[in-house]
Amino acid sequence: MSPSDLVLTPAGVRFMGRLLPCSIGKGGLSDSKREGDGATPVGIHRIAGMLYRPDRLPRPAPWAEPIGPGDLWSDDESHHRYNQHVRAPYPFSHEKLRRADPLYDLVLITDWNWPVAAPGKGSAIFLHQWRRPGYPTEGCIAFSRAGLHWIAARVQPGTRVIVPGR
C-alpha cells in the first residue's frame, strides 16, 4: 500500500497521511456484492471519474465533469447500460445524479463493476458526502463535505481505493 491509496480502516479512510472519518454501506462489507444489498464491496478499486454540481461549487479538479439536470446513473441490471452514466430521458431504473440534497454535489466514481458491468453485481459505488456522521450509505463510502473536498483536491484518476475484508 502507498500513502496515495485510499485505505478503508475501522476508524475511517487513510489517505496521504490523514485519517478521514467515513460511513460505509448499511449492509457492511461484502466480498459477494449484489445489486440492492446495501453493502460496500471488498477489494481494490480505482477512481474512474469525478462529477460535481457547477451550480453549487467550483470545479474541484481539472478532470472533474459537471453534473447537469439530465444526468442519471443506471441501476437496471437488465439493461445494457447497467452501471453507466446515462442521460434523461432514460425509461429504465436509475438514480438521479443531480439531487436536491448535497450528497452528490461532488462524486468520485469507482471502477466497481465498471466499465463492463456484470448484471446484478452492484452499481453506483461512489465516494460522496455523507448525510451525517455514521449514517450508512447504500454501499458507497461517504465523508464529511470538508473531507470529501480535501480528497478530491488530491486524488487522481486511477487512485486505488482499498476496501479490506474484515
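Buried means under 20% relative accessible area, exposed means over 50%, and partly exposed lies in between, with a 1.4 Å probe and protein chains only. Helices (H or I, at least four residues) and strands (E, at least two) are DSSP runs, numbered from the N terminus.

The model is predicted: local features need pLDDT of at least 70, side-chain atom pairs count only at pLDDT 80 or more, and totals for chains, interfaces and linings use all residues. Residues are numbered from 1 along each chain as its sequence is written, and side-chain values use heavy atoms, with hydrogens and water left out.

**Stop 1: strand β12**

Select residues 106-110, which make up strand β12. Five of the five residues are buried, so the strand is largely enclosed by the rest of the structure. Now show the side chains. Leu-106, Leu-108 and Thr-110 point one way, while Val-107 and Ile-109 point the other way. In a regular strand the side chains alternate between the two faces of the sheet.

Two strands pair if DSSP finds at least two bridges between them. Strand β7 (residues 43-52) pairs with β12 in the antiparallel sense over five bridges. Select Leu-51 to find one of these places: its bridge partner in β12 is Val-107. Strand β13 (residues 126-129) also runs antiparallel to β12, joined by two bridges. There, Ile-109 has Phe-126 of β13 as its bridge partner.

**Stop 2**

Select Asn-113, in the loop between β12 and β13. Is Asn-113 buried or exposed? Its relative accessibility is 12%, so Asn-113 counts as buried. The side chain of Asn-113 reaches the backbone oxygen of Gly-122 at 3.0 Å.

Contact in general means heavy atoms within 4.5 Å. Not counting residues up to four places away in sequence, Asn-113 touches Tyr-82, Asn-83, Ala-118, Lys-121 and Gly-122.

**Stop 3: the nonpolar cores**

A nonpolar core is a set of buried Ala, Val, Leu, Ile, Met, Phe, Trp, Tyr and Cys residues joined through side-chain atoms within 4.5 Å. Which residues touch the most other members of the largest core? They are Leu-6, Phe-143 and Ile-151, in a core of 25 residues. At least two residues of this core come from each of β1 (6-9), β2 (12-15), β7, β12, β14 (141-143), α1 (145-152) and β15 (160-163). Helix α1 gives the largest share, four residues.

Select Leu-6 and its surroundings. Leaving aside neighbours within four places in sequence, Leu-6 is in contact with residues including Val-13, Phe-15, Ile-47, Leu-127, Ile-151 and Val-161. Another core, of eleven residues, lies apart from the largest one; among its members are Ile-67, Tyr-104, Val-107 and Ile-109.

**Stop 4: a three-stranded sheet**

Find the open sheet with the strand order β10-β9-β11, where the pairing is antiparallel. Its edge strands are β10 (85-87) and β11 (94-96), and each pairs on one side only. Select β9 (residues 71-74), which three bridges join to β10. Asp-71 has Arg-87 of β10 as its bridge partner.

**Stop 5: the cysteines**

Finally, select Cys-140, which counts as buried because its relative accessibility is 5%. A disulfide is a pair of cysteine sulfur atoms within 2.5 Å. The closest cysteine sulfur to that of Cys-140 is in Cys-22, 12 Å away, too far for a bond. The count comes to zero disulfides.

How values were computed. Polar contact = N/O pair within 3.5 Å; in protein donor to acceptor, adjacent residues only side chain to side chain.
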